[in-house]
Amino acid sequence: MCSKEVYMRKFLSYIIPLVVVWALAASCSSLQRVINTDDPDLIFQRGLEYYKGEKWTKAILLFEHCEPYLKGFPQEDSVAYYRAHSYFKNVDYQTSATLFDEFRRTYGRSVFIENAEALYAISLYNMCPSPERDQTTTAAAIIAISEFLSHHPNSAQRDYFLEMTHDLTWRMEERTYLNAYTYYKILRYDSAIIAFRNALKKYPDSHRREDIMYYIVMSAYKFADNSVASKQSDRFMTMLDSYYSFIMEYPESKYRQELDQAAEVAKRYIEKNKADDEPAQAEQGVAEQKQEENK
């Protein structure tokens, strides 16, 4: 490499960082000059320029500075909306959700109200976790979407919001199933039965319906199998009730063979226990009859 090229590379390695620093300083200086004017209308207009230029951080800074000065003026709702939307565009959904929630509660008659309510719901939607985690935000997002569709039934975004609702409901159903399955996995079969039945009651059309009904049967089977002898027959009969409900609804289920085998065990136990009980019951009947005769 010739000495001239080496020199140019060294020169550029020094000059480029300086240019970047100078540009940042000039930008900050420009923002500060606007702020120092103490002219809220000018600051707001310059904020809109940054907003339209997709320079969200700078727009936020200017909107936040002029917002207190424009309280009670016609631009008040505009500043609040563009500030919240800038946070949304900057992918800070926690802040945008908070600000859009405040907006919809404060500016119910604003021209921005439909967009604000939509973006509030979308902000919450973007914060929703996977089904394995707590679904508090998911529940809040479903409510926000429902309120939006109620307030704006003819919205052009209706189909999009319905798709979001479907996705969020799927997550809630999955979370409810996973909660119940946790009881099954740690061998708390009585709690699992209750949790799975509550899941069906809450989401009767759940995408997990077949799995839930399967685990109700298996939880009941294992609960009976691990019970004291005096309670096993009744609990196996309860298990068979769940089994018959399952095969009526899913006669061709992938779980059918396993459940059939469990049902056969339950039936044999009940029959055997019934046969063992008959002599004892007969003896008890004779004893009771003698007592009656001796009275």
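A crossing of two helices is left-handed if the near helix is turned anticlockwise from the far one by less than a right angle. I keep that beside me for today's entries, all on a predicted model.

**Entry 1: α5 and α6**

I started with the pair that needed the definition: α5 passes α6 in a left-handed crossing. Two packed helices are described by the angle between their axes and the distance between the axes, and I looked up both. The axes of α5 (residues 93-106) and α6 come within 8 Å and cross at roughly 145°.

Next I asked myself which residues of α5 and α6 meet. On the α5 side I noted Tyr93, Gln94, Ser96, Ala97, Phe100, Asp101, Phe103 and Arg104. Their partners in α6 are Ile113, Ala116, Glu117, Leu119, Tyr120, Ser123, Leu124, Asn126 and Met127. Sorted by class, this contact has 10 nonpolar, 4 polar and 3 charged residues.

**Entry 2: α7**

I checked the length of α7 (residues 136-151) against expectation. Its 16 residues should span 22 Å at 1.5 Å a residue, and the end C-alpha atoms lie 23 Å apart, so the two values agree.

Then I listed the buried residues of α7: Thr138, Ala141, Ala144, Ile145, Phe148 and Leu149. They cover an arc of only 130° around the axis, so they sit on the same side of α7. An α-helix has 3.6 residues a turn, so residues three or four places apart point the same way. Thr136 and Ser150 are exposed, on the face of α7 turned away from the buried side.

What do the buried residues of α7 pack against? I found α6 (113-127) and α8 (158-185) there.

**Entry 3: α8**

I moved on to α8, which has 28 residues. From first C-alpha to last, α8 reaches 40 Å, close to the 40 Å expected at 1.5 Å a residue.

The buried residues of α8 include Phe161, Met164, Leu168 and Met172. The buried residues of α8 pack against α6, α7, α9 (189-202) and α10 (209-225). Just after α8, I noted that Leu187 takes a positive phi of about 70°.

**Entry 4: Gln232**

My last stop was Gln232, in helix α11 (residues 229-249). Is Gln232 buried or exposed? Its relative accessibility is 10%, and buried means under 20%, so Gln232 counts as buried. Leaving aside neighbours within four places in sequence, I found Gln232 in contact with Ala224, Asp225, Ser227 and Tyr269.

Terms used. Residues numbered from 1 in each chain as written. Predicted model: local features only at pLDDT ≥ 70, side-chain atom pairs only at ≥ 80, totals over all residues. Heavy atoms only, no water. Helix = DSSP H or I, 4+ residues; strand = E, 2+ residues; numbered from the N terminus. Buried < 20%, exposed > 50% of the residue type's maximum accessible area, 1.4 Å probe, protein only. Contact = heavy atoms within 4.5 Å. Expected span 1.5 Å × (residues − 1). Arc of directions from axis to C-beta. Axes fitted to C-alpha atoms, helices over the stretch in contact; angles between N-to-C directions. Nonpolar A, V, L, I, M, F, W, Y, C, P; charged D, E, K, R; others polar.
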